Amino acid sequence: MFPISPPTEANLTSAAEKLLAGDIVAVPTETVYGLAGDATNPSAVAAIYSAKGRPSTNPLIVHVHSMDAARLWFDSSNWKAEVNEQLTAAAGLWPGPLTLVVPNPRGLAAAVTAGNHSVAIRMPSHPVFLDLLRRCGRPLAAPSANPSNYVSPTRAEHVAESNLQGLAMILDGGRCRVGLESTIVRLEFPVPTLLRRGAETVEHLREVFGEIAIDDGSGDENHSPLAAPGRMKKHYSPSKPLFIRGHSDATTATVDLEEFPATSLARISFQPLPEEERREFGWYRALSESGDLDDVARDLFDALREADRSSCRAILVDSCQRVGIGAAIMDRLQRASSR
Ligand code: TXA
Ligand code: MG
């Protein structure tokens, strides 16, 4: 397994040196671990794509330590006033689990934006990553630090076990507080558009922006990754079939839950099951003592990875109301269950 480095002064200095030299380093964020490289360095960006096995058509998120630092990497002088107002409103949500897609990128390696006339940019709140961003004085491109299409890592150990080619270092920042990838919003006239659900909820964004359009790819199965990067219906998937309790997705299911006896199922529940029920399953884990959805989000990917490694043949997981962070949890589960 790849060694994990605690965020000591010496390791932070070394991580910044490696990044400035064009190497790629796995870093903690409050959402998921990222695979970071200098967003202005074409060979660092190429190394990110190749380590993940990521298609070159799927652009990366650029991370910065402040809104002033963000403004260096796009030109807002020709934006409509409404879009500038959206940016001002969004600034109040940084640092945090919110990525903004904005027009007119400049100064970044071309592959970061994959030829789009927009760039995705985010100020994370994890203190280790913020410290590293300040030390580097460069924007850091970072997708989630998992092989393309696998479950995102929420612990340094998840990164270590996935064997990413060319990785120079893994910085440990503990378990990610949020556990789901950031909410993505595209700023545009006349209203911003939600592209990916996350811990920054639609309900809250509606209060902040007044109005928000939703285009998160739910429902459209066959659209091309070129037209709408990163929203392929199948995404974030464990390798075993995953079933969501109370849901049957007849359009994509190639296997039936009925084919699996309970003893062959890894059961992930949102709150503890009665003893006699949990005993039926081959493997079992409850994500929260109380069913709190923030707890569920935080440990969901860890549980999916564990269930995937268990000797069970399929995974059965609870569902929840699509309200607040529950909408993001259900989005990830549906993509993970899509075969
Ligand atoms: O929480 C997160 O966002 C994590 C941490 C590391 O910050 N990063 C992350 O990156 O989830 P990634 O690469 O796994 O997902 C980035 C998503 C992709 O779906 C990509 O298509 C989309 O952002 N994206 C990037 N640039 C875009 C752009 N210019 N327009 C639309 N979507 C974009
Ligand atoms: Mg990802």
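Sorted by class, the shell around ligand 1 is made up of 11 nonpolar, 9 polar and 4 charged residues. Keep in mind as you look around that this is a predicted model.

**Around the ligand**

There are 24 residues around ligand 1, and the ones that come nearest are Thr31, Arg54, Asn58, His63 and Ser182. Ser118 has a side-chain N or O atom facing a nitrogen atom of ligand 1 instead. Here are the distances:

| Residue (side chain) | Atom of ligand 1 | Distance |
|---|---|---|
| Ser118 | nitrogen | 3.0 Å |

β3 (61–63), β5 and β9 (193–196) each give at least two residues to it. The largest share comes from β5, with 3 residues.

**The sheet**

Those strands belong to an open sheet of 10 strands with mixed pairing. If you walk across it, the order is β7-β1-β2-β6-β3-β5-β4-β8-β9-β10. The edges are taken by β7 (167–170) and β10 (213–214); each has a single partner strand, so one side of each has no neighbour in the sheet.

Further in, you can pick out the pair formed by β2 (residues 34–38) and β6 (residues 140–141). These two run antiparallel and are joined by 2 bridges. Within this pair, Gly37 sits opposite Ala141 in β6.

**A look at His126**

Now follow the chain on from β5 (118–122): the loop between that strand and α6 (127–136) is where you'll find His126. Is this residue buried or exposed? His126 is buried, because its relative accessible area is 11%, and buried means under 20%.

Its side chain has two polar contacts to look for. A polar atom of the His126 side chain lies 3.1 Å from the backbone nitrogen of Val128. The side chain of His126 also reaches the backbone oxygen of Gly173, at 3.0 Å.

Which residues does His126 touch once you leave aside its neighbours within four places in sequence? They are Pro28, Thr29, Glu30 and Gly173.

Conventions: Residues are numbered from 1 along each chain as its sequence is written. Chains are lettered from A and ligands numbered from 1 in the order in which they are written. This is a predicted model: local features need pLDDT of at least 70, side-chain atom pairs count only at pLDDT 80 or more; totals for chains, interfaces and linings use all residues. Side-chain values use heavy atoms; hydrogens and water are left out. Helices (H or I, at least four residues) and strands (E, at least two) are DSSP runs, numbered from the N terminus. Buried means under 20% relative accessible area, exposed over 50%, partly exposed in between (1.4 Å probe, protein chains only). A polar contact is a pair of N or O atoms within 3.5 Å; within protein, one must be able to donate a hydrogen and the other to accept it, and residues adjacent in sequence count only if both atoms are side-chain atoms. Contact means heavy atoms within 4.5 Å. A residue is near a molecule or strand if one of its heavy atoms lies within 4 Å of it. Ala, Val, Leu, Ile, Met, Phe, Trp, Tyr, Cys and Pro count as nonpolar, Asp, Glu, Lys and Arg as charged, and the others, Gly among them, as polar. Two strands pair if DSSP finds at least two bridges between them.
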